[in-house]
Each structure stands twice: as structure tokens, then as C-alpha cells.
Amino acid sequence: MTTTCILPAPVALLGDAVLVRAACEALALGDPAAAGLLVARLIANFRELSTQGYAEVLRRTAAASAPRPSDPIKGRRSISDRLVRAMVERDGHHCRYCELPVVTAANRRVLHEVAPGLFPWGARDAERHPTLLLLWATPDHVVPRSSGGSDDLDNLVTACFICQFSKFNFSLSALQLDDPRDRNPVQDHWDGLDAVVARLKERDRMRVADESFENPTWGDPVKNTVRVGKEDHGPVSLRPDP
């Protein structure tokens, strides 16, 4: 008997996704105190969920006598941001296995830059906000690369961190999973925080412009650089158009 995912999406994590969006809305409205109160209510336990996922993988693969595949990290090739964006939009910003709402790395970077104290993100999992880590939209190869799977969009589906972590480099049959491409993706009100992140970026642009008008540095091209996300948008004129 096959199933759609390794672990069902935890109810607590579904609630956390709603709280993250509410916290972002509070930040966009200029209320970091309210955002902090909302973030403090997040309860998802990354270590517990990842342990449960790994245990379920061991159970399924043992039952199927499936050998553990080679480590997919070796020789890994990156998937372009453009392809990831197309994949996530096609999949309705949800994991195609457990249907958890997810957030792209690009949007997560903005949240970290706007409020690093609320949404920490370091080099190690222990230094990352557990909810953002669990909601991370990652590209999963339905047919693993080690089995000849391509990087084409047809072979990629959006997976939350736990489904990606649990599936590892196993085939669907080894894990007794249905092919997620045989099901229509979830399409609902969740946009992966796209709308509120756009508002946060616009608010940041306005803040930078306001600070520059208060302390004009027309002759300094470095101080007249608008920085949003990871990109420097270059020297810009902050003078009003004539």
C-alpha cells in the first residue's frame, strides 16, 4: 500500500505558517513588537519532526528491503532560482507530498534581512529559525539524479524540508510513495508570503529614501545605493525629478 508522503503535515506547523504570515504583516505595518509576540508563539519542533521522518524512512525501506542510495550531495548541481520559482508557482506554494504551505529561499532571505532577530538564519540548522527551516520550499527530483533523473521541470516538484530530508535519494517505490505528479497541486490563498514580502521590500526602499533625504549625500555613490534583499541596485539619484 502506498501513501502520498512520509509524514502528514503536522497541525502545529500549519498553524505556524499562519503565524509567520501574521508576523510579516505586522512588520509591514511597522509594528515589530506585535511581530515579536506572534513569532514567540511558534511551536514547531524541527528536531522532533526530522527524527520522526528518518525513523519512518528506515521502517519503510526495511520493509521493502531497499538498499540505501548513495549520498546525493556528492556532485550536486544547483537548480536555478528561475526554475525553482517556476516550480513553486506551478505547485501553488505547497509541498507536493504532504501539501504543507512553503516559503521560498528568496522570501526567507528578505525576512531575515528585515528582522534578523525574529527570523535568524545561519550556516547550520541549529542557527536557523526552526519554522522557516521546516517551511523551506526545496526542489525534489521525483526520479533521483542517481537513477538518471533530470533537472527538467517535469521531474521536479516542490517539497518541504522534512519531505525532502526524508525522501533523501530513494525512489518512490522504495519508500512506498505515490507519484505526486499524478495529483493536482493545492491551489488556495497561500502565496508563499510573496505579497507581504513585496510590501516589506517597498517599505525598506521608502525607509532608505527617507533617510537619504534627511541626510543627503549626493556626492557619495556608495551611500546612494539602495539595497534590497541580496542585490545592490547600484547608485540611484534620490533627488526629485525636475
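This is a predicted model: local features need pLDDT of at least 70, side-chain atom pairs count only at pLDDT 80 or more; totals for chains, interfaces and linings use all residues.
Local features need pLDDT of at least 70, side-chain atom pairs count only at pLDDT 80 or more, and totals for chains, interfaces and linings use all residues. Residues are numbered from 1 along each chain as its sequence is written, and side-chain values use heavy atoms, with hydrogens and water left out.

The protein chain has eight helices and four strands (DSSP runs of H or I with at least four residues, and of E with at least two, numbered from the N terminus). Along the sequence their pattern is α-α-α-α-α-α-β-β-α-α-β-β. Of the 242 residues, 43% count as buried (under 20% relative accessible area, 1.4 Å probe, protein chains only). Among contacts (heavy atoms within 4.5 Å) with a separation of 6 or more, 73% are between residues 24 or more positions apart.

Strands β1 (residues 138-141) and β2 run antiparallel and are joined by four bridges (pairing requires at least two DSSP bridges). Pro139 has Thr158 of β2 as its bridge partner. Strand β2 (residues 156-159) is covered on both faces, with Leu156 and Thr158 buried on one side and Val157 and Ala159 buried on the other. In a regular strand the side chains alternate between the two faces of the sheet.

In helix α4 (residues 81-90), Val84, Met87 and Val88 are buried. The buried residues of α4 fall within an arc of 95° seen down its axis, and therefore line one face of the helix (the arc is that of the directions from the helix axis to the C-beta atoms). The cover over these buried residues includes β1 and β2. Gly92, which follows α4, has a positive phi, near 65°.

Note on methods. Buried means under 20% relative accessible area, exposed over 50%, partly exposed in between (1.4 Å probe, protein chains only).
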